[in-house]
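Open the structure in your viewer and keep the sequence panel beside it. The tour goes from one selection to the next and says what is there.

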Amino acid sequence: MTAHNIVVLGLPGSGKTTFLAALWHLLTSNEVETKLNLVTLKAGESGHLNGIAALWRKAKVQERTQHAGDRTVTMSLRAGIASEFQLSFPDLAGELFQQMWETRECSPEVAALLRSSNVLLFIHADKIKAPGWIIDDEEDAQAPSEAGKPVPWSARLAPTQVKLVDLLQLLQVPPLDAGARCIAIVLSAWDKATGAGMSPDQYLKAHLPLLSQYLAHGLDKDWKIKVFGVSAQGGAYDEISKPSRDEAQRILAMDVPSQRISVISAEGQSHDLTEPLQWLLV
Amino acid sequence: MGIIVHQALHGYSEGHRQFACSVQLTPNDARFVMVMSDASGAGVTSEGIPYLTGYPLQDSGLYALARTWPATEMPRPGCVWTHTLFIAFADLAVLESPSQLSALFKLPTVETARGFDSPQHFVANRPRNYSLISSQQKLFERLATALYEQPHIQVWARRTREAFVDDVVLRLWDLQWPRLRRSFRFCTLTTRDRSQGRALFDLQLCSQVAPRLRFSQNTDGIEAISTSSEPWLAQLLEYAEHPNASGFREALRLLGTDLLGGREVMRSICCLQATLAQREPFAVADAIALVTPPTQLSRSKVAKEMVTYAALSRADALSDAELNYVVDNLALVSERELAFHGWKLAGYLLKVAPEKLAELVEDERPPVQISMRMAVEKLDANLLAQNLKVGTDWFRPLLAIRPDLTEMPEFWLRTQARASDIQKAGLVLQSEAQLAAAVLGLHNDTSIESLAGVFGTEAVLSCIEHLMAKGRDGGELQRWVKEACRQPEAVAFFLAHAGAPNPRLVSCITAELDPDALPNDYGVDPWLTVLAAVKQQIGKLPIELQIYAFQRALSWRSRSVGSLLCLTFESLHCAATDGTLALSNCQKLLDSLPWVRTADSWDIALRLRLGLAKRCVEAAVTPEDYVALASTDDLFGMILDATLKHWGGKRYLECVKESTEHSTKSEERVRSRFIAAYLDKHSKWWK
């Protein structure tokens, strides 16, 4: 059986776990047609997936993935009548990639995962930290955090696209270099971005221009890139143990939970979260 | 005087990150702290309660004790605040109750985040005694049972939401020795095993409603659900509630430092402490069993030392096996304790195994040797002597310390030591007190011979005389007399120079020596000297001495024949004539007397006269002595009869008559005339 690996990249809160929860529901519920179908899941992993899928079905916000909560999901899938293949992708904490940017550190285990030739890069469409104007930075520096003392610059304060470009640069040099790759960029929480009336590619270019330019000219020419807009939730979910919101109530009322999901690409729109995966593996 | 406690704060700001840290950690440790400071598992923050995590940072030499709170004000579920305290291993080791560190935890906020970048100064209070309430006690017992009866397995347990759960876990942590304490990993609320690689968590608690704790590695851990019924747990609980009541913490610290084990030795330590606290006689044996191979504690010098101390303090009531244990492990005991208890041990050893005491005073371990020697010096001499045993020579080391023993008859009586034994102990045998004690105590012939040889016959006889003067029975001293009499020359010298000889001693000597044994090569016969002195002391010689002296006179040895005969004949003759001279007393004498007809064999007086006459003639007894042999004319006449009958007797009588005819002494002249008349009367037949 052919084995494929996908590495899921994304800063904290970029929607990785929500994607996985929705994907699992999609594959197990068979409510909508998908390009990839589940054959089996590796033993011992269903507990975690069922847990996050249950929260997703209840329209509850996923708990953030802890530092030590990294899991690799391995499932056997089949595309139509083609032969079965094995797909592994880890649900890594976003702090790991943040750490790569801030402290230039990466554990050997994560480095091994990052050498996968298939990359799923998550960007929360509604939480893009834009570059600041110089005048704004000047005001921040003079903000009264401690009277008379400058606010030291921190890597944490860098704009989102700067961090992402750096991550992509790291993937092209040792020890993470693995040659040409396929990278599917997932603009998550796309439901928040539809109001702009742009396609995912346009949205990327408009809101993450540095990243867009890097994807066009900074990567090796053998790299393949595609941008997807994904709404794995369909709207704002409730937090656990807090009162339910109207939007979550509306989502819960949908007859077919899988239809919450929206996947937008240049080819169109569907509910099929396996599309980015299928594109990576073709 | 306190310790410096470093601290760090972790929380959520575009990802879980470190906000402040007062100490520079190694990169590995900083990553580990980042992981440990994050929520322990999915769903933990929804419990809404804070929890504790404890783990070592080996690279940095610090122990991290952290409290984590759900950060409900943060935008994402699962966010937490964690305040971590870092304590140096060395400081952790000296804290009596490290649980007191929990007082330093502060619930942080975004506004107060910066205040955690400086270390804190911590001053520990004296641990206080307080009882656990029922629910706390049950939890304590369950956790302790699982941790210490399943020491190699990860333990997990379900917990309630009450705050005392953290206190109970901290109390358990308090009761660990430094090495275990700084390696102990625990978390008081999690949904999954927090172990990373080989850094396994010892104790993890999960929500009461959770199905179980999830373990990622090939283990299920063990759930703490049962409570041990063994006494070690009761002991541990007692110590938990009364940390100041006993020396358990100190014992833990010492034993834990000495033992290489982890959780697996806690039960043994508690058992040992419980056993040592008992007062029953079997407690010592039980304690010794706990430190005898192949037990865990048998590898611990500290444990053996504790047991030895306990046994030493009861040194007056130990069995053989327990005594052997104490002796084998004496080197573990401090000099101060040896000095304090050594006397008790020495006294006990003296009673039950004195040879061991003798070994110990020469032990190659200097502290043992010094202590035992000091103890022996202080022991009562009578006690020492009374506990000596016959047949062995182990007392020599004791003698070297207590030479006064040789002045005690009991010593000699029990040891029957020889002179060489005493000399090998480095002592010199020279004092009268030593000889007197030996004379009174020894009855072994070889020993007596050796001592007599060292002191000399004269000293021995003088000693015996002295003892007799104090009322000692001659019978018990006969062996010594016998030994002394093996040196006749010395005895002769003694007798010749005895001022006021003890009659009983003289009698004893006569019992050992033949009448002709002592030499008399020149001067006055020592027997004459001593017997005359005795007669002067007591007025009359005992019949046995008379017989002896008469025999002496009849023998070839004496140069004072006449004087001896004068001293003894008449008295003997009177005893013979009045029937008080029993045959049994004088059989030897009779054997040396001249032959008589069978019909006359009953007449001892006759035989005495014949013997006398024979000796006088053959020895040419001086005329002065001859005429003084009898105080009455009748007896003198009988002597003349006997003399005349002897070959050469007439000539001898003629000589006596002529020698005394013109004597200046009237009694001699009278006797001369008597002899002349006698000769006239009895010699007519051949004229």
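Five bridges join β3(A) to β4(A), and the two strands run antiparallel. Strands here are DSSP runs (E, at least two residues), as helices are (H or I, at least four residues), and both are numbered from the N terminus. Two strands count as paired if DSSP finds at least two bridges between them. Strands of a sheet pair through backbone hydrogen bonds, either parallel or antiparallel.

Before going on, note that this is a predicted model, in which local features need pLDDT of at least 70 and side-chain atom pairs count only at pLDDT 80 or more, while totals for chains, interfaces and linings use all residues. Residues are numbered from 1 along each chain as its sequence is written, chains are lettered from A and ligands numbered from 1 in the order in which they are written, and side-chain values use heavy atoms, with hydrogens and water left out.

Select T40(A): S76(A) in β4(A) stands opposite. One bridge to find is that of R78(A), whose partner in β5(A) is E84(A). The hairpin of β4(A) and β5(A) has four residues between the strands, and G80(A) there takes a positive phi near 65°.

Next select β1(A). This strand and β5(A), residues 84-91, pair in the parallel sense over four bridges. H4(A) stands opposite L87(A) in β5(A).

Show the four strands together: they form an open sheet in the order β1-β5-β4-β3 of chain A, with mixed pairing. Its edge strands are β1 (2-5) and β3 (36-41) of chain A, each pairing on one side only. On average, neighbouring strands of this sheet are turned by 35° against each other, direction ignored. Axes for such angles are lines fitted to C-alpha atoms, for helices over the stretch in contact, and angles run from 0 to 180 degrees between N-to-C directions.

Touching, or contact, means heavy atoms within 4.5 Å.

**Second stop: a six-stranded sheet**

Stay in chain A and show the strands in the order β2-β6-β7-β8-β9-β10: these six form an open sheet with mixed pairing. Which strands stand at the edges of this sheet? They are β2 (7-10) and β10 (268-270) of chain A, each with a single partner strand, so one side of each has no neighbour in the sheet. Neighbouring strands are turned by 25° against each other on average, direction ignored.

Select V263(A) to find its bridge partner in β10(A), S270(A).

Most residues other than glycine have a negative phi, and most peptide bonds are trans. Select A59(A), whose phi is near 60°, a positive value in a residue other than glycine. A59(A) is in the loop between α2 (46-57) and β4 (71-79) of chain A.

The peptide bond from P174(A) to P175(A) is cis, with omega near 5°. P175(A) is in the loop between α6 and β7 (182-188) of chain A. In chain B, the bond from P293(B) to P294(B) is also cis, with omega near 10°. P294(B) lies in the loop between α9 (282-290) and α10 (301-313) of chain B.

A salt bridge is a side-chain nitrogen of Lys or Arg within 4 Å of a carboxyl oxygen of Asp or Glu. Over all chains the count is 28. Select D166(A) and R104(A), which form one, with the closest N and O atoms 2.8 Å apart. D166(A) lies in helix α6 (160-170) and R104(A) in the loop between α3 (94-103) and α4 (108-114) of chain A, so the pair ties together parts 62 residues apart in sequence.

**Last stop: where the chains meet**

Show both chains. The contact takes 27 residues from chain B and 23 residues from chain A. Five salt bridges are counted between chain B and chain A. For one of them, select E14(B) and K163(A): the closest N and O atoms are 3.7 Å apart.
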